[in-house]
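Here is a friendly tour for someone meeting this structure for the first time. Please have a look at the sequence and the model, then read on.

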Amino acid sequence: MSQQRGVIGVIGAGTMGRGIVQLFAEAGHEVRLYDTQDGAAARGRDFVADLLRRAADKGRIKPEQMEATLGRIRPQSELGGLAGCDVVIEAVIEDLGVKRELFRALEPIVGEHAILASNTSSLLVAEIAAACARPLRVAGLHFFNPVPLMPLVEIVRGAQTRDEAVATAVSYTLAMGKTPLVVKDCAGFLVNRLLGAYFIAFLLLIRDGADFVQIDRVLESWGWPMGPSYLLDVAGLDTLDKALAILAKAYPEVMGTDFETAIQRLAGEKRYGQKTGAGFFRYEADARGKPRRSGDPVTYELLASVQPQGRREFADDEILERMMLAMVLEAARCLEEEVAGSALEIDAGMRLGTGFPLHHGGPLWYADAVGLPVVVAHSARYRSLGGLYQPGPALTRMAAAGERFYGAFKP
């Protein structure tokens with residue numbers, strides 16, 4: 001049987017699980033969907049069916065394609081229904097104990113050559129795999145939301161993940177038309193780790209008195225599809241608060257915060273963003289039912305308590321410099337730590353996984369364009385802000401030697 005037409009198991013019928021099911025089924029795989037809640041797997045299939053019917057009604061897919069895709073999705077009422085799967089991907093809650101117990105129960109059900117994969121975005125694959133008798137076949141398959149649309153999949157190599165498991169994950173990812181990026185097993189992996197640095201820079205700016213609306217305007221003008229405030233609202237402030245806590249624990253010198261952040265202040269008021277109708281901005285459904293953003297004076301009242309020196313004016317250039325410098329420095333650290341194999345892979349991951357402005361290439365391409373000596377010199381301006389703005393040894397050495405991330409190639 002070809003790997004490209006294997007039997008796929010998906011555990012978890014939530015937003016990510018449904019998206020993974022749709023993606024594999026559209027690519028021609030038989031997909032078995034299981035969820036611990038009664039009826040959830042069937043409802044997950046119904047959700048995908050509704051999406052596909054709407055796509056067929058609009059002429060985006062043919063009716064026969066819709067029927068064929070739905071025919072490949074098979075809800076399961078028992079975990080044992082995943083026996084015989086070639087790959088099983090869990091997309092359950094971000095709880096290490098839950099994931100470990102799930103893999104422990106799943107391992108004797110599937111064949112010894114099946115790949116067990118986690119869609120975790122924050123937990124270490126090695127820690128999940130520790131529950132398994134055969135951790136060599138456990139890997140991370142980190143999809144991005146919305147799964148059917150986002151082109152990148154991070155393939156996470158755990159400490160014991162064998163080469164064959166990684167190669168199989170890469171093969172499936174390519175067969176689905178996605179771009180695989182093999183990354184080291186570390187908190188945040190690559191994309192979320194760099195976004196973490198970006199968000200910490202944003203929170204420091206807010207603490208220092210910057211206007212979040214101005215920050216969004218500056219970053220959107222530079223080319224980002226949405227500014228950090230809006231992006232946080234879309235992703236969910238409660239979700240990002242937890243993710244940043246994990247990153248702070250893993251990288252305390254760089255991403256630790258010793259102050260109440262804007263995210264914590266707003267999330268403490270249950271302003272989680274679009275999902276609750278208010279975050280940094282307020283949201284109301286438009287005529288098509290989509291959230292429409294508007295300003296909210298209450299946000300400024302709440303943020304006043306996390307700005308000890310009050311509001312102050314920032315030049316656009318300083319905002320851009322502080323935001324992008326934090327990401328550039330973290331990208332350089334990731335390259336030094338071999339989180340990804342090359343500057344090219346890091347930059348591609350950020351373009352495909354975050355919408356990093358294409359015309360700026362990626363954080364390391366951008367650093368080459370600015371000049372590494374300039375990057376190091378600008379970092380010194382913000383040394384008082386902590387380790388986020390401290391260049392790593394490799395970057396410092398490269399700047400002193402006149403080197404580039406892309407060698408002799410001139411961007």
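## A first look

Just after helix H1, Gly28 adopts a positive phi of about 100°. This is a predicted model, so local features need pLDDT of at least 70 and side-chain atom pairs count only at pLDDT 80 or more, while totals for chains, interfaces and linings use all residues. Residues are numbered from 1 along each chain as its sequence is written, and side-chain values use heavy atoms, with hydrogens and water left out. Helices (H or I, at least four residues) and strands (E, at least two) are DSSP runs, numbered from the N terminus.

**Helix H1**

- H1 covers residues 15-26, and its 12 residues should span 16 Å at 1.5 Å a residue; the end C-alpha atoms are 17 Å apart, which agrees. The expected span is 1.5 Å times one less than the number of residues.
- Because 10 of its 12 residues are buried, H1 is largely enclosed by the rest of the structure. Buried means under 20% relative accessible area, exposed over 50%, and partly exposed in between (1.4 Å probe, protein chains only).
- Among the buried residues of H1 are Met16, Ile20, Leu23 and Phe24.

**Nonpolar cores**

- A nonpolar core is a set of buried Ala, Val, Leu, Ile, Met, Phe, Trp, Tyr and Cys residues joined through side-chain atoms within 4.5 Å.
- The largest one holds 99 residues, and Leu219, Phe280, Met324 and Phe405 have the most contacts inside it.
- Helix H7 (residues 191-207) gives the most to this core, with 13 residues.
- Apart from it lies another core, of 37 residues, including Ile20 and Leu141.
- Phe405 touches residues beyond four places away in sequence, among them Ala332, Leu364 and Met398; contact means heavy atoms within 4.5 Å.

**Ala326 in helix H14**

- Ala326 sits in H14 (residues 316-336) and counts as buried, at 0% relative accessibility.
- Leaving aside neighbours within four places in sequence, Ala326 is in contact with Ala197, Ala201, Leu388 and Tyr389.
- Phe199 is 127 residues from Ala326 in sequence, yet the two are 9.0 Å apart in space, C-alpha to C-alpha.

**Cavity and pocket**

- On a 1 Å grid over the protein atoms alone, a cavity is a set of points where a 1.4 Å probe fits but cannot get out; a pocket is an open set with protein on both sides within 12 Å along at least five of seven lines, and lining residues have an atom within 4 Å of a point.
- Grid points are joined across faces, edges and corners, and a volume is the space filled by probe spheres set on the points.
- The whole structure has one cavity of 30 Å³ or more, and its lining is formed by Val87, Ile115, Ala117, Ala139, Leu141, Ala169 and Tyr172.
- The second largest pocket has about 540 Å³ of space. Of its 19 lining residues, Gln22, Leu51, Leu52, Pro148 and Leu149 are the closest to its centre.
- Helix H2 (40-57) gives the most to the lining of this pocket, with six residues.

**Backbone details**

- Most residues other than glycine have a negative phi, and most peptide bonds are trans.
- A cis peptide bond, with omega about 0°, joins Asn145 and Pro146.
- Phe189 has a positive phi near 55° and is buried, with a relative accessible area of 0%.
- Lys270 has a positive phi near 60° and counts as exposed, at 59% relative accessibility.
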